[in-house]
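Subject: Handing over the structure, with notes

Dear colleague,

I am passing this structure on to you, and you will find it just below. My notes follow it, and I would be glad if you read them with the structure open beside you.

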Amino acid sequence: MVIGKCRLCNNSIKPFIDFGKMPIANAFYFKKDYNKQYYFDMKVASCSRCYCFQLVNIPDPKLMFHENYAYFASTSKFMQIHWRKLSDKIKKKFKDNKHNTIIEIGSNDGIFLKNFSNIKKWTAIGVEPSKNVAKFSKFQGVKNVIVDFFNYELTNKIISKFKSKADVVISTNTMHHIENTNSVFKGVKNILNMKGIFITEDPSLFEMIKKNTYDQIYAEHMYIWSAISLDIISKKHGLFLYDLENNTVHGGCTRYYFCHRGHFKRTKRCNNFITKEKKLGLDKAVTYKKFREKIINHSNKIYKIVYDLSNKGKKICGYTAPAKSTTLINFSRLNANLIDKVFDNTKAKIGKNYPGKNKIPVKSSEDFRKEKCDYVILFAWNHKKEILKKERSFTKKKSIKWIIPMPKIKIFK
Ligand code: DWN
Ligand code: SAH
């Protein structure tokens, strides 16, 4: 049964899993707006021709990226260090040029571009449609922020306004948020200087399939990229994937490097990783059939653990309310009867409820130590190191146990 068309190559696709009706992952809401929530059928498919892993239906981007966007990247000190290190690497690579222009697609609150502000030889331009986070980046010294959705048409406006093309285009954790990937690559081809490089960094499909970290699948993440799928789409637009490197942020990301076709030769490690992706079967339907079973098993397991603890009268809370946990909570049928509340440090989430029918309230992390819970689920498990460094001495003293839900469910003091 064919259900849709691949957004990148128009091939017929059919979903390998249906998560059912899901809300927008970052659409935390005030109690009075419970019945106004938006739901969509979250079905996932992998295209048999261009290997693009994608949501079959997606909400209108204007419903997801707007003046109340709930994700401020700068909430994580570790991520600030991560992006500063990348900016140092880029500055070093282009240090001999008299002047450079860098454009960031999805500049959010300026966490990355702030490393280029007040440096004469760098012109930094952010493209960010979510107005509230875009405004915040001005406080971080990022002067040029275009509050808009990046696409091919916008690149011509940027070229005429700034009278220059880009030496670097960068997009971190954003390429999977943009439906029209063809327009992004066409735009980068148009705006990138001949010796320029396009860097993207996104959750890695390889890691997600290997570790079963399906919580990365949610409305904003309309794709989960692989080197094999990005190789195909970049080539269609005269760009070339010449290098990549893997890291552990956000549960496992890949940083991809593109240039104009013919400018660089492909590195060995890039070829090796593409071979590894094929060996894992990212280009085979059977891989996603097995992935579906692993997702269902995991979500039943986490439900049973939480249900049994709650049934024994244990008080369970959550720590961090990341977008990714919206899928985990709603698909695993976790709700306010099982999880008393979740603590988070993002003002845009505090005092609201989790998206969906679970009715779990979000409170300020500052109240975490006043609360006496028996177990605490770390939903932003990708920040485990940073968060345990902050909270573990307290939880040990109070015999509060941590539940780490992903990749493998772990419970410890
Ligand atoms: O792709 C995306 C990634 C880059 O960021 C976006 N679609 C949205 C967002 O996803 P996420 O919400 O899953 O991101 P994180 O970084 O895994 O989680 C951030 C959440 O954790 C925020 O709500 C803040 C919270 N947090 C906290 O309360 N205390 C985070 C840290 C580090 C803390 O100490
Ligand atoms: N780059 C940051 C933020 C990633 S969150 C980081 O790595 O943490 C994804 C960001 O992409 C959000 O700020 C969202 O508003 C932005 N975004 C969504 N669609 C976009 C588009 N078409 N063009 C540019 N940015 C977009």
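This is a predicted model: local features need pLDDT of at least 70, side-chain atom pairs count only at pLDDT 80 or more; totals for chains, interfaces and linings use all residues.

Residues are numbered from 1 along each chain as its sequence is written, chains are lettered from A and ligands numbered from 1 in the order in which they are written, and side-chain values use heavy atoms, with hydrogens and water left out.

H82 and its surroundings

H82 belongs to helix α2 (residues 77-93); helices (H or I, at least four residues) and strands (E, at least two) are DSSP runs, numbered from the N terminus. If its neighbours within four places in sequence are set aside, H82 is in contact with E201, N247, V249 and R255, where contact means heavy atoms within 4.5 Å.

Strand β6 and its partners

Strand β6 (residues 100-105) has 6 of its 6 residues buried, so it is largely enclosed by the rest of the structure. With strand β7 (residues 122-127), β6 pairs in the parallel sense over 6 bridges, and two strands are said to pair if DSSP finds at least two bridges between them.

An open sheet is formed by 4 strands in the order β3-β4-β5-β11, with antiparallel pairing. Its edge strands, each of which pairs on one side only, are β3 (17-23) and β11 (223-224). Strand β4 (residues 39-46) and strand β5 (residues 53-55) run antiparallel and are joined by 3 bridges, and A45 stands opposite Q54 in β5.

Helix α10 (residues 324-331) lies across β3 and β4 and runs at about 105° to β3, the axes being lines fitted to C-alpha atoms, for helices over the stretch in contact, and the angles running from 0 to 180 degrees between N-to-C directions. This helix is mostly covered, for 8 of its 8 residues are buried, and what covers the buried residues of α10 includes β3, β4 and α9 (285-311). After α10 comes R333, whose phi is positive, near 55°.

Helix α8

The 13 residues of helix α8 (residues 268-280) should span 18 Å at 1.5 Å a residue, and the end C-alpha atoms are 18 Å apart, which agrees; the expected span is 1.5 Å times one less than the number of residues. C270, F273, I274 and E277 are the buried residues of α8. Seen down the axis of α8, these buried residues fall within an arc of 100°, so they line one face of the helix, the arc being that of the directions from the helix axis to the C-beta atoms. K268 and K279, on the other side of α8, are exposed. The cover over the buried residues of α8 includes α6 (205-211), α7 (227-236), β12 (239-247) and β13 (253-260). G281 follows α8, and its phi is positive, near 90°.

Cysteines

How many disulfides does the count come to? The count comes to 0 disulfides, a disulfide being a pair of cysteine sulfur atoms within 2.5 Å. C253 is in no disulfide, and the nearest cysteine sulfur, that of C270, is 16 Å away; C253 is buried, with a relative accessible area of 1%. C259 is likewise in no disulfide, its nearest cysteine sulfur being that of C270, 10 Å away, and at 0% relative accessibility C259 counts as buried.

With best regards

Methods. Buried means under 20% relative accessible area, exposed over 50%, partly exposed in between (1.4 Å probe, protein chains only).
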